[in-house]
Amino acid sequence: MKKLSARFEWLKLFLLFLMGGCIYFAIEVAYKGDSHIPMFITGGIAFVLIGGLNNYLDYDMPLLKQMLYSSVIITVLEFICGCIVNLWLGLYVWDYSDLPFNLLGQICLPFMAIWFVLSLAAIVLDDFDDAIEGYTTVAGGIRVVYSYEKCIQCLVAEGMTEEEA
């Protein structure tokens, strides 16, 4: 097994970006039947920033606080994207004007609450990067090697008991 180098950090961020973009895109398709490239980009940026909460702020931040910060991050990014894509470029990818507590039809309180709940998945998925020990090549491909103990620690840190994890 080879240990991860400092160069791996950029690859990890890129993979987090792709994962976040795909998840955000899939949520959009599941909710309204379609999505748009700017939403993929927004989701990718959101996922990287959410992952940064533990990496660059307090690692022991309570889960609910992480979820609150994450919902704010997603909502702010969605507002910026909406102002550019919908209001400035006139693409009208979405419109929350009919929903309560909306701002310029680009963001609304009900969706911020949804992002609060859904951010849990991003927080937990990102925490598993701490469990990566290295990588190995298998049949010409690369396989990431995780530490079982560190995976359990990640789940316990998010509020599970060791038995649940």
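Begin with the largest nonpolar core, a group of 21 residues in which Met-39, Ile-74 and Trp-94 have the most contacts. A nonpolar core is here a set of buried Ala, Val, Leu, Ile, Met, Phe, Trp, Tyr and Cys residues joined through side-chain atoms within 4.5 Å; buried denotes a relative accessible area under 20%, exposed over 50%, and partly exposed the range in between, with a 1.4 Å probe and protein chains only. Colour α1, α2, α3 (63-88) and α4, the elements that each give two or more residues to this core. Of these, α3 gives the most, with six residues.

The model is predicted: local features require pLDDT of at least 70 and side-chain atom pairs pLDDT 80 or more, while totals for chains, interfaces and linings use all residues. Residues are numbered from 1 along each chain as its sequence is written, and side-chain values use heavy atoms, with hydrogens and water left out.

Next, select Ile-74. Leaving aside residues up to four places away in sequence, Ile-74 touches Tyr-24, Ala-46, Ile-50 and Trp-115, where contact means heavy atoms within 4.5 Å.

Now move to Gln-106, in the loop between β2 (102-103) and β3 (107-108). Helices (H or I, at least four residues) and strands (E, at least two) are DSSP runs, numbered from the N terminus. Is Gln-106 buried or exposed? Gln-106 counts as buried because its relative accessible area is 2%. Show its side chain: a polar atom there lies 3.0 Å from the backbone oxygen of Leu-104. Among the residues that Gln-106 touches, beyond those up to four places away in sequence, are Glu-78, Phe-79, Trp-94 and Tyr-96.

Then display the second largest pocket, with a volume of about 180 Å³. Of its 15 lining residues, Ile-23, Ile-27, Phe-47, Leu-118 and Ala-122 are the closest to its centre. A pocket is an open set of points on a 1 Å grid over the protein atoms alone, where a 1.4 Å probe fits, with protein on both sides within 12 Å along at least five of seven lines; lining residues have an atom within 4 Å of a point. The volume is the space filled by probe spheres set on the points, which are joined across faces, edges and corners.

Highlight α1 (8-32), α2 (37-56) and α4 (109-127), each of which supplies at least two lining residues; α4 gives the most, with six.

Finally, show the whole chain, with its five helices and five strands. Of its 165 residues, 35% count as buried.

Technical notes:
Polar contact = N/O pair within 3.5 Å; in protein donor to acceptor, adjacent residues only side chain to side chain.
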